[in-house]
Amino acid sequence: MAIQGQCPKCGHRVLHVNVEQVVGVVDGESKARILSYSCIHCNAVLGAQIDPRSRPRPKRKAEGTGGAQPPQNAT
Ligand SMILES: [Zn+2]
């Protein structure tokens, strides 16, 4: 395996990234927590994704034990 990710801006190997928590905005509304990854050398953003650890803001108490994830009925 010779994967050598390079920053498209500064050309450095991407061995580390700065991880930043940002807010995903849809139609002007804050919708989700996002993690963005940026080059530690030049701070160019290399990518972003929804924070897999985040949960939607709880609007009501979850049933049963606290912190349980809502059931996912989607296929
Ligand atoms: Zn860079």
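Predicted model: local features only at pLDDT ≥ 70, side-chain atom pairs only at ≥ 80, totals over all residues.
Strand 1 covers residues 17–26 and strand 2 covers residues 29–39, and they pair antiparallel over ten bridges. For my own bookkeeping: strands are DSSP runs of E, at least two residues long, numbered from the N terminus, and two strands count as paired if DSSP finds at least two bridges between them. I picked Val19 and looked up its bridge partner in strand 2, which is Tyr37.

Next I checked how the chain gets from strand 1 to strand 2. The two form a hairpin with two residues between them, and Asp27 in that turn has a positive phi of about 55 degrees.

Then I moved on to strand 3, residues 45–50. Strand 3 runs antiparallel to strand 2, joined by five bridges. Here I looked up Ser36, and its bridge partner in strand 3 is Ala48. This hairpin has five residues between the strands, and Asn43 takes a positive phi near 70 degrees.

Putting the strands together, I get an open sheet of three in the order 1-2-3, with antiparallel pairing. Strand 1 and strand 3 are the edges, each pairing on one side only. The twist averages 30 degrees from one strand to the next, taking axes as lines fitted to C-alpha atoms and angles from 0 to 180 degrees between N-to-C directions.

Notes on conventions: I number residues from 1 along each chain as its sequence is written. Local features need pLDDT of at least 70, side-chain atom pairs count only at pLDDT 80 or more, and totals for chains, interfaces and linings use all residues.

Methods: Helix = DSSP H or I, 4+ residues; strand = E, 2+ residues; numbered from the N terminus.
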